[in-house]
Amino acid sequence: MQQFTQKTFFGSFLCLALVVAGNVHAQTAAADKVGERLEIAVQKLRAACSDDLAKYCSSVTPGEGRLLYCMIAHEDKISTKCDYALYSAARNLDRAIDFVEEAADACWTDIQKLCADVPEGGGHVAQCLMSKKSAASANCQKILEKIPTTK
């Protein structure tokens, strides 16, 4: 398997570092669902890259991005399994970011009109939009239809 670019590698580990370091406390069902998916992704990365971390970074104290920098320093030596897991995580993250950008573009006016008083973070804005979907613009409604509902 071809080694992936340093940009992909760096981005993947940066995301991993942010997720692992940032004790996310979800405040809504939507945020809970995202948190669950992130935890699964982190577990897959840990499983795929644990040997590489042990081999190249065992003497590094976790925190403040130190593991990230260690893995970057050894990017040319990481296993195919770890490399693939990093690529997969980066690809999934890119898709999620693309969707968030698409949703923000389609729903920005609706967010300002319908959810201006909602606190940011924890999925509150998304939950507000979902609860007011029928009052949203047609473009925003199309995007909101793509979001799976939680029961």
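Is Cys 49 buried or exposed? Cys 49 is buried, at a relative accessible area of 1%. Buried stands for under 20% relative accessible area, exposed for over 50%, and partly exposed for the range in between (1.4 Å probe, protein chains only).

The model is predicted: local features need pLDDT of at least 70, side-chain atom pairs count only at pLDDT 80 or more, and totals for chains, interfaces and linings use all residues. Residues are numbered from 1 along each chain as its sequence is written, and side-chain values use heavy atoms, with hydrogens and water left out.

**View 1. The protein chain in overview.** The chain has 6 helices and 0 strands. Its pattern along the sequence reads α-α-α-α-α-α. Helices (H or I, at least four residues) and strands (E, at least two) are DSSP runs, numbered from the N terminus. Of the 151 residues, 25% are buried. The accessible surface is about 10100 Å², with 56% belonging to carbon and sulfur atoms. Accessible areas come from the Shrake-Rupley method with a 1.4 Å probe; for residues, only the protein chains shown count as cover. Among contacts between residues at least 6 apart in sequence, 61% join residues at least 24 apart. A contact means heavy atoms within 4.5 Å.

**View 2. Cys 49 and its surroundings.** Cys 49 belongs to helix H2. Leaving aside residues up to four places away in sequence, Cys 49 touches Cys 82 and Leu 86. Met 71 is 22 residues from Cys 49 along the chain, and their C-alpha atoms are separated by 9.8 Å.

**View 3. Asp 52, a buried acidic residue.** Asp 52 sits in helix H2 (residues 29-57). Its relative accessible area is 5%, so Asp 52 counts as buried. Its contacts, not counting residues up to four places away in sequence, are Cys 57, Met 71, Lys 77, Ile 78, Ser 79 and Cys 82. Asp 83 is 31 residues from Asp 52 in sequence and 10.0 Å away in space, C-alpha to C-alpha.

**View 4. Salt bridge between Glu 64 and Arg 66.** A salt bridge is a side-chain nitrogen of Lys or Arg within 4 Å of a carboxyl oxygen of Asp or Glu. The count by this rule is 3. In the pair shown, the closest N and O atoms are 3.4 Å apart. Glu 64 is exposed at 75% relative accessibility. Arg 66 is partly exposed at 33%.

**View 5. Salt bridge between Glu 102 and Lys 146.** These side chains meet at 3.3 Å, N to O. The pair links distant parts of the chain, 44 residues apart: Glu 102 lies in helix H4, and Lys 146 in the segment after helix H6 (138-145). Glu 102 is partly exposed, with a relative accessible area of 36%.

**View 6. Salt bridge between Lys 133 and Glu 145.** The N to O distance is 3.3 Å. Lys 133 lies in the loop between helix H5 (124-131) and H6, and Glu 145 in helix H6, so the pair ties together parts 12 residues apart in sequence. Glu 145 is exposed at 56% relative accessible area. Lys 133 is partly exposed at 21%.

**View 7. A negative surface patch.** Asp 94, Asp 98, Glu 101 and Asp 105 form this patch. Patches are made of residues with over 30% relative accessible area and no salt bridge; like charges are joined within 9 Å, and nonpolar side chains (Val, Leu, Ile, Met, Phe, Trp, Tyr) within 5 Å. Lys and Arg count as positive, Asp and Glu as negative; His and the chain ends are not counted. The place of a charge is NZ of Lys, CZ of Arg, CG of Asp or CD of Glu. Asp 94 is found in helix H4 (residues 80-114). It is partly exposed, at 46% relative accessibility.
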